[in-house]
2 protein chains.
Amino acid sequence: MAPTAETLTAERILEATEEVLRRHGPAKATVVDVARALGVSHGSVYRHFRTKAALREAVTKRWLDRTSQELSGIATDASRDPETRLRDWLATLFAAKRRKAGDDPELFATYMVLTDESGSAVADHVADLTGQLARIVESGVESGAFASPDPARTARALFQTTGRFHDPCYAGDWTRPDIETDFTAVLDLLVRGLRTS
Amino acid sequence: MAPTAETLTAERILEATEEVLRRHGPAKATVVDVARALGVSHGSVYRHFRTKAALREAVTKRWLDRTSQELSGIATDASRDPETRLRDWLATLFAAKRRKAGDDPELFATYMVLTDESGSAVADHVADLTGQLARIVESGVESGAFASPDPARTARALFQTTGRFHDPCYAGDWTRPDIETDFTAVLDLLVRGLRTS
DNA sequence: GGACTGACAGATATTGAAATCTGTCATCTG
DNA sequence: CAGATGACAGATTTCAATATCTGTCAGTCC
């Protein structure tokens, strides 16, 4: 077997695909381009990914998982009180999205196209994030800080109500000057609804 | 002056434009089509609307205003308590949007295209709706049912947090079976955050 | 023999010439 | 003379021919 650097792995294909998507955009990125970037024939790519759609979905999943990872640390950090963790978690999610959208709008638009066509990757990602929120809510219920008859349901509500600050369909609003004010107002309202009265 | 039915007015042009948009869709609806439907030359249409974009925006504004009207009655009905009014107002908004999206998806898609290209019509509409919400919140503060240091700000937060149930970008989710559950969960959380503890 | 290639058929995207549309305006009409 | 017309220039869209891509697979190469 040739050395690792020259072995064609799924991982190397995903990296090359990301690069091709970054360069060409989602409309013009072809499997042939990916193969060319790797110096192989496009038939070899199809040995690792059944279809172009599967390849794109794998890239999307990787990208989404990076965000999940960044947040899971906050969700499970038992050393801080649940309200602080909740605020921090949502603020970090918002900041991460806004940074991605602001730093490289074209790449962000590329991933918006990918997530739109992705079958279950986005749903899985949302389920993951909602699960993290549920953990925070559960911590709060246990410590007596939060009231919630059904933390999973409350977590869904928290995720959905804050959509304006993490859902890509609102990316255009994230540069507005009063977005921070709006974010604070929403968070205050939600936390108030969550606290034990 | 010829009888009203034959006089070319802005109103008649708007009606004809709606019909042309309904028949042809936003991509294929032309000013020439509108003029043909009215039995006049397209030059006459340009006497009433400076550009095609202005004509489309006027149609959009009319369409949005119809929804505002439907809701304003609830917002100003002082005979019912604020919490009931708030829940009713949001439920009515959700129901209206879901009905429009479900009954005639193509027409709804048409208006999504129009609102996307409309300059200020959507912003004005959102400001109108947020103003109605602010009235309800104010009523609640006056009656002692709600706590809010800044009703206008709270109204914005209420509108934004419920986006999933009225923003067209989520129209695809409105047919999901558990959407009603989600709506109730969100409303419960928000109302709890609003009530005087 | 397992990984890779490249020719191939059908599907999709690109391209440029022709058709249509937008917006203007000199002219007409009642 | 107020309101309507239709020819026109430049911009945009359509359409069909052409090129490229996707996904397969028989065959090649370590």
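Student: How is the surface near DNA strand D divided by class?

Tutor: This is a predicted model, in which local features need pLDDT of at least 70, side-chain atom pairs count only at pLDDT 80 or more, and totals for chains, interfaces and linings use all residues. Residues are numbered from 1 along each chain as its sequence is written, chains are lettered from A and ligands numbered from 1 in the order in which they are written, and side-chain values use heavy atoms, with hydrogens and water left out. A residue is near a strand if one of its heavy atoms lies within 4 Å of it; Ala, Val, Leu, Ile, Met, Phe, Trp, Tyr, Cys and Pro count as nonpolar, Asp, Glu, Lys and Arg as charged, and the others, Gly among them, as polar. On that basis the surface near DNA strand D has five nonpolar, seven polar and two charged residues.

Student: Which element gives the largest share of the surface near DNA strand D?

Tutor: Helices are DSSP runs of H or I with at least four residues, and strands are E runs of at least two, numbered from the N terminus. 14 residues surround DNA strand D, the closest being His42(A), Tyr46(A), Lys52(A), Ser41(B) and Ser44(B). The largest share, four residues, comes from α3(B).

Student: How much area do chain A and chain B bury between them?

Tutor: Buried area is the accessible area (1.4 Å probe) that two parts lose on being put together, summed over both. Carbon and sulfur atoms carry 53% of the area buried here, and the total is about 2300 Å².

Student: How many salt bridges are counted between chain A and chain B?

Tutor: A salt bridge is a side-chain nitrogen of Lys or Arg within 4 Å of a carboxyl oxygen of Asp or Glu. Asp188(A) forms one with Arg153(B), the closest N and O atoms being 3.8 Å apart. The count is four.

Student: What kind of axis relates the two copies?

Tutor: Copies are superposed by least squares on the C-alpha atoms of residues with pLDDT of at least 70 in both. Chain A can be laid on chain B with an RMSD of 0.0 Å by a turn of 180° and a shift of 0.0 Å along the axis. The two copies are therefore related as by a two-fold rotation axis.
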